[in-house]
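Hello,

Here is the structure I promised to pass on to you.

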Amino acid sequence: MANEFKALVVRKDDEGKTRAGVETITEDQLPEGDVLVQVGYSTLNYKDGLCIGPGGGLVRTYPHVPGIDFAGTVEASTDDRYKPGDAVVLTGWRVGENRWGGYAQKARVPADMLVPLPDGLTTRDAMAVGTAGLTAMLAVMALEDHGLTPEKGTVLVTGAAGGVGSVAVAILARLGYQVAAVTGRPEQADYLKGLGAAEIVPRDELTEVTRKPLEGERWAGCIDAVAGAMLGRVLKQISYGGSVAAIGLAGGAAIEGALITPFILRGVNLLGIDSVMQPYDARVRAWGRIAADLPMDKLHEMIQPATLADLPDLGAAILKGQVKGRVVVDVNA
Ligand code: NDP
């Protein structure tokens, strides 16, 4: 059939077990939407690992096509803002979770979910950035909005060898910040220094839970992908008036060992960053900053290329914290 294309489809059997595999599907199977996109690239994120596997409560109906972000070219549109040939990028809006996402050669979505690709970014660049990079940029912007400047001191990035962490290190270093990168993988020290980290902090140094109300002021700010015991410790080490941009919970859903003291004795701010429901204007602003401020040469160093067929194994690996940098999926390979 003329409108056949490939997709990674996750099916659930009668016993509730999920299985992901590459299948040929047709356009009429896609969800409703104003814009039909020829997908060029998608990426692998922690949430994708959940959606490729058991679902983690994110997927509502099966069969399901995961892929929480994609970049591609408009094939058809009933919305005046987009015409065939326009390059577009999508992140968030629970695409790839409760509606079919980017692990397919075509996707159909409401126009409001898309952003025009800024000049200077290719669709592959955009997915090297992806949801992880957008989140890293939103975190940097939130820290700056709360007064962070390079003169204030060292900025800590936790979960640094992961997707969000790697891009956060590269952006901060490009903007002139002194960056300390926390990693549980000492073998990634050279990679992180290559991205611009000035200092590597072993994960163990920051995961011991203490009851101390405060520790020495060590960091002017932090982008935290980990939460758990790490965030509990880091909050006690933030300098007076500094902020932590909390983006993820790879190390646990609680903030272990945290006390109120950093907030009332040092005026520390805890800023929650959510890339999923960002309004259109905020997404356009962040993508503009990405096009302007992200060192693309560094970004290409953190890319691991993948195909749709690689995703079942890679999805399992990201859930174990074994993926380095950004996995960019060429859905047409
Ligand atoms: P990755 O798996 O690529 O990176 C997470 C990193 O955290 C790992 O590489 C590892 O880094 C570190 N880590 C993993 N497990 C632990 C642990 N038990 N204790 C301490 N550190 C650990 O994931 P992403 O970067 O894609 O996402 C990170 C988090 O951010 C996830 O929770 C994800 O759901 C969330 N997220 C949130 C977004 C938002 O909008 N707020 C958007 C995108 C992601 P290392 O080996 O260097 O220690």
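Predicted model: local features only at pLDDT ≥ 70, side-chain atom pairs only at ≥ 80, totals over all residues.

How many bridges join strand E8 to strand E9? The count is 3, between residues 155-157 of E8 and residues 179-183 of E9, and the two strands run parallel.

**The parallel sheet**

E8 and E9 belong to an open sheet of 6 strands, with the order E10-E9-E8-E11-E12-E13 and parallel pairing. The edges are taken by strand E10 (199-202) and strand E13 (269-272); each has a single partner strand, so one side of each is left without a neighbour in the sheet. From one strand to the next, the twist averages 20°.

Two helices are worth a look here. Helix H2, residues 123-145, lies across strand E11 (219-224), strand E12 (238-246) and E13, and its direction is at about 150° to E11. Helix H3, residues 163-174, lies across E8, E9 and E11, at about 160° to E8.

**The hairpin at E1 and E2**

Strand E1 (residues 4-12) pairs with strand E2 (residues 18-26) in the antiparallel sense, over 9 bridges. Phenylalanine 5 has isoleucine 25 of E2 as its bridge partner. There are 5 residues between the strands of this hairpin, and glycine 16 takes a positive phi there, near 85°.

The domain assignment divides the protein chain into domain 1, made of 4-117 + 302-330, and domain 2, which covers 131-272. Their C-alpha centres are 30 Å apart. Domain 1 brings 11 residues to the contact and domain 2 brings 13 residues.

The size of an interface is often given as the accessible area lost when the parts come together. Between domain 1 and domain 2 the buried area is about 930 Å², and carbon and sulfur atoms give 58% of that. On the domain 1 side, Met302, Lys324 and Arg326 supply 51% of the area buried against domain 2, more than any other three residues.

What about polar links across this interface? There are 0 salt bridges between domain 1 and domain 2, while 3 residue pairs are in polar contact there, with both residues at pLDDT 80 or more.

**Backbone details to check**

The peptide bond from tyrosine 62 to proline 63 is cis, with omega near -5°. Proline 63 sits in the loop between helix H1 (46-52) and strand E4 (69-77). Tryptophan 93 has a positive phi, near 60°, although this residue is not a glycine. You will find tryptophan 93 in the loop between strand E5 (87-91) and strand E6 (106-109).

**Salt bridges**

The count comes to 12 salt bridges. One of them joins lysine 106 to glutamate 27, where the closest N and O atoms are 2.7 Å apart. Lysine 106 lies in strand E6, and glutamate 27 is in the loop between E2 and strand E3 (35-44), so this pair ties together parts that are 79 residues apart in sequence.

Conventions. Residues numbered from 1 in each chain as written. Heavy atoms only, no water. Pairing = 2+ DSSP bridges. Helix = DSSP H or I, 4+ residues; strand = E, 2+ residues; numbered from the N terminus. Axes fitted to C-alpha atoms, helices over the stretch in contact; angles between N-to-C directions. Contact = heavy atoms within 4.5 Å. Domains from an automatic or database assignment. Buried area = accessible area lost by both parts, 1.4 Å probe. Salt bridge = Lys/Arg side-chain N within 4 Å of Asp/Glu carboxyl O. Polar contact = N/O pair within 3.5 Å; in protein donor to acceptor, adjacent residues only side chain to side chain.
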